[in-house]
Amino acid sequence: MSDDIAEHYRQIISALGEDPNREGLRDTPKRAAKAMQFLNAGYTQSLDEIINGAVFESQTDEMVLVKDIELYSMCEHHLLPFIGKCHIAYLPNGKVLGLSKFARIVDMFARRMQIQENLTRQIAEAVQDVTQAKGVAVVIEARHLCMMMRGVEKQNSSMTSSVMLGGFRKNQATRQEFLMLIS
């Protein structure tokens with residue numbers, strides 16, 4: 001697959017008016033193909049694979065929050081990156097998830113072409129599915145290069161998206177506690 005992708009990059013470079021055989025560009029198609037495969041590695045992963053059984057019994061029933069999980073994703077509309085951070089909270093219901101698994105869930109879904117709104121929901125639903133929590137909250141704050149480098153070219157803009165499930169959706173006090181903790 002890498003060779004096919006590299007050939008397409010070679011054609012794109014040529015179509016843009018550049019010489020893909022020029023010294024600085026000679027290996028660019030292969031490097032770009034490898035980069036694109038890495039940036040989209042989430043398609044080859046599954047939730048079961050990345051969780052790997054790291055769900056543990058616990059009597060904890062207070063909010064658990066993991067803040068500032070960095071993320072890098074690819075806008076499906078322009079194939080340009082968006083970069084930001086993700087905050088995830090959940091209300092355990094007899095089970096807790098290993099700490100590193102939150103970052104792995106974020107990476108798995110972020111390493112796919114998509115929009116931020118869908119990414120936020122995918123992460124929330126995955127945490128809900130794995131933990132059977134009483135509630136899950138996810139907020140993503142990101143800067144989109146498709147808005148910064150092209151189009152309206154607004155350098156200081158950012159986007160915030162949120163998904164609240166269960167107790168975070170139904171209970172205003174729980175939602176407010178989460179929002180206060182991440183601000």
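Predicted model: local features only at pLDDT ≥ 70, side-chain atom pairs only at ≥ 80, totals over all residues.
Where does Gln132 lie? Gln132 is in the loop between H5 and E6. Helices here (H or I, at least four residues) and strands (E, at least two) are DSSP runs, numbered from the N terminus.

Residues are numbered from 1 along each chain as its sequence is written, and side-chain values use heavy atoms, with hydrogens and water left out.

First, the whole chain. The protein chain has eight helices and seven strands. Its C-alpha atoms fill a box of roughly 60 × 40 × 20 Å along the principal axes. Of the 183 residues in the chain, 41% are buried. Buried means under 20% relative accessible area, exposed means over 50%, and partly exposed is in between, with a 1.4 Å probe and protein chains only. For contacts, the criterion is heavy atoms within 4.5 Å. Among contacts between residues at least 6 apart in sequence, 68% join residues at least 24 apart.

Next, the cores. In soluble globular proteins, nonpolar side chains tend to be buried together. A nonpolar core is a set of buried Ala, Val, Leu, Ile, Met, Phe, Trp, Tyr and Cys residues joined through side-chain atoms within 4.5 Å. The largest one in this model has 33 residues, and those with the most contacts inside it are Cys86, Ile88, Ile105 and Ile123. Elements giving two or more residues to this core include strand E2 (64–75), strand E3 (81–91), helix H4 (99–110), helix H5 (116–131) and strand E6 (135–144). Take Ile123 as an example: leaving out residues up to four places away in sequence, Ile123 touches Cys86, Ile88, Ile105, Val106, Phe109, Val138 and Ile140.

Ile182 takes us to helix H8. Which residues of H8 (residues 172–182) are buried? They are Thr174, Phe178 and Ile182. These three are on the same side of H8 because they cover an arc of only 65° around the axis. The arc is that of the directions from the helix axis to the C-beta atoms. On the other side of H8, Gln172, Ala173 and Met180 are exposed. The buried residues of H8 pack against E2, E3, E6, E7 and helix H7 (167–170).

Thr174 counts as buried because its relative accessibility is 15%. Setting aside neighbours within four places in sequence, Thr174 is in contact with Met63, Leu91, Gly167 and Phe168.

Now a residue in H4. Arg104 is found in helix H4, and with a relative accessible area of 44% it is partly exposed. Arg104 and Ile50 are 54 residues apart along the chain, while their C-alpha atoms are separated by 6.5 Å.

Gln132 is partly exposed, at 43% relative accessible area. Most residues other than glycine have a negative phi, and most peptide bonds are trans. Gln132 has a positive phi of about 55° although it is not a glycine. Ala133 is found in this loop between H5 and E6 too. Is Ala133 buried or exposed? Ala133 is buried, with a relative accessible area of 7%. Not counting residues up to four places away in sequence, Ala133 touches Tyr90, Leu91, Asn93 and Gln128.

Last, the pocket. A pocket is found on a 1 Å grid over the protein atoms alone: it is an open set of points where a 1.4 Å probe fits, with protein on both sides within 12 Å along at least five of seven lines, and lining residues have an atom within 4 Å of a point. The largest pocket has a volume of about 270 Å³; grid points are joined across faces, edges and corners, and a volume is the space filled by probe spheres set on the points. Residues lining this pocket include Met1, Tyr9, Gln37, Leu79 and Met113. Helix H1 (2–15) and helix H2 (28–39) are the elements that give two or more residues to the lining.

Leu79 sits in the loop between E2 and E3. Leu79 counts as partly exposed, at 42% relative accessibility, and its phi is near 55°, a positive value in a residue other than glycine.
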